[in-house]
Amino acid sequence: MQQLLQRGAAMMQHRSEESLDASWDDLKLFLACAKYKSFRNAAEELGLTSTTLMRRIDRLEESIGCKLFLRDQSGLTLSDEGMAMISDVSLMERHAFNVFRRASRSSNDTAGTVRVAVTEGPGNFWILPRLIDFQKTYRKITVDLRCAMEQADVARLESDIAIQLEPPTNPDLIVAKLGRLHIYPFVSKDYENLHGVPATLAELRNHRIVKQSAPQVDDTAYARILGLKSLEGIVGIKTNSSIGVLYAVERGAGIGFLPTVSIALGAPLVAVDLGVSHHADLWLTYHKEFRSSERHKIVVEWLKKIFDPKTYPCFRDEFIHPNALVPMMAAAKESVGLTGYVAAAPT
């Protein structure tokens, strides 16, 4: 640690290495504060109080003899000394994670846990049902599936494998495109019977939108795609859950923008043809250390297989209208056994 902090020590009133008493735990807190640029946000992520976190950073600054952050009402900004330290401490963390990563896998062992993080909709409606069949074949592998819109940081050991909407830039990670989610407006049959559906974007103002607001979801995309300056007065329900959007649309709450795979899986939805659509690519990523882990390789290849656009046309790059997609996915169901959709529970 002292060696890595040597450059910082030169700025810290020329303290000798022997006088440094920086805790690795406190250095990890320093990285979190640098990442979130706020004591409050970093404390929430770390499960600490803001007071405790500030006290720990104060202790670290006193230990190494300099201020690491400039603090004001807008948040935290790294000082010159903090900027000098950040790369060294990040390198320390990277090596520490590699130690744990190597310890967690055996190159010849197909038994053990593989942690997979994925966005909520594909995780619950696509991966989870197929995971049941996977377990029948690979009984010694435990897949720890985390379905959330918060993106897991694979490099920081938050997950072994992640499926996310943005490709990572970390050079230590292996990245592969799985497929593409095509987003389209839908309503329930009951909603169509009661209110009809808009035929143009101008008519959309006479209807209600069920809107998802969550990490990995572009909050400005709705208005931009619809060519509107604002969605004020149109949004009826706003939720952070993609499952919540599907449930609300099924129950007739309004128009929701959902992946076309939803109707292909059998959801009782009606496509609303407004001349607009959107797409989001799915990226699979994992650390290169797991290339020699048998159980991780098995899970990676299985994930690639169940998202293969050649088998499942809903994940192709080109847009296929939902009505045309239904018979295509029915053919896939007959050939490979397609399951996944579970109807919303009745009230």
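The largest pocket in this predicted model holds about 740 Å³ of space. It has 33 lining residues, and those closest to its centre are Leu165, Ile183, Gln212, Val217 and Ala280. A pocket here is an open set of points on a 1 Å grid over the protein atoms alone, with protein on both sides within 12 Å along at least five of seven lines, while a cavity is a set where a 1.4 Å probe fits but cannot get out; lining residues have an atom within 4 Å of a point. Grid points are joined across faces, edges and corners, and a volume is the space filled by probe spheres set on the points.

A few ground rules: residues are numbered from 1 along each chain as its sequence is written. The model is predicted, so local features need pLDDT of at least 70 and side-chain atom pairs count only at pLDDT 80 or more, whereas totals for chains, interfaces and linings use all residues, and side-chain values use heavy atoms, with hydrogens and water left out.

Helices H6 (120–137), H8 (221–226), H9 (242–250) and H10 (261–264) each give at least two residues to the lining, as do strands S6 (173–188), S9 (255–259) and S11 (278–287). Helices (H or I, at least four residues) and strands (E, at least two) are DSSP runs, numbered from the N terminus.

The search of the whole structure also turns up one cavity of 30 Å³ or more. Twelve residues line this largest cavity, with Ala117, Val118, Glu150, Gln151 and Ala152 nearest its centre. Strands S3 (112–118) and S5 (161–164) are the elements that give two or more residues to its lining, and S5 has the largest share, three residues.

Here are the two spaces in one place. For the classes, Ala, Val, Leu, Ile, Met, Phe, Trp, Tyr, Cys and Pro count as nonpolar, Asp, Glu, Lys and Arg as charged, and the others, Gly among them, as polar.

| Space | Volume | Lining by class |
|---|---|---|
| Largest pocket | about 740 Å³ | 22 nonpolar, eight polar, three charged |
| Largest cavity | about 60 Å³ | six nonpolar, four polar, two charged |

Phe257 lies in strand S9 and is buried, with a relative accessible area of 15%. Buried means under 20% relative accessible area, exposed over 50%, and partly exposed in between (1.4 Å probe, protein chains only). Tyr222, in helix H8, is buried as well, at 11%. Although Tyr222 and Phe257 are 35 residues apart along the chain, their C-alpha atoms are separated by 8.8 Å.

Leaving out neighbours within four places in sequence, Phe257 is in contact (heavy atoms within 4.5 Å) with Ile183, Tyr184, Pro185, Val210, Tyr222 and Leu226. With sequence neighbours up to four places away left out too, Tyr222 touches Lys211, Gln212, Leu231 and Phe257. For Phe257 and Leu246, eleven residues apart along the chain, the C-alpha separation is 8.8 Å.

Now to helix H3 (residues 39–46), where the buried residues are Phe39, Ala42 and Ala43. Seen down the axis of H3, they fall within an arc of 100 degrees (taken from the directions from the helix axis to the C-beta atoms), so they line one face of the helix. The face turned away from that buried side carries the exposed residues Arg40 and Glu44. Cover for the buried residues of H3 includes helix H2 (24–36), helix H4 (50–64), strand S1 (69–72) and strand S2 (75–78).

In the loop between H2 and H3 sits Lys37. Lys37 has a positive phi of about 55 degrees although it is not a glycine. Most residues other than glycine have a negative phi.

Zooming out, the chain has twelve helices and eleven strands, and buried residues make up 47% of its 347 residues. Among contacts with a separation of 6 or more, 75% are between residues 24 or more positions apart. The chain exposes about 17,600 Å² (Shrake-Rupley method, 1.4 Å probe), with carbon and sulfur atoms supplying 51% of that area.
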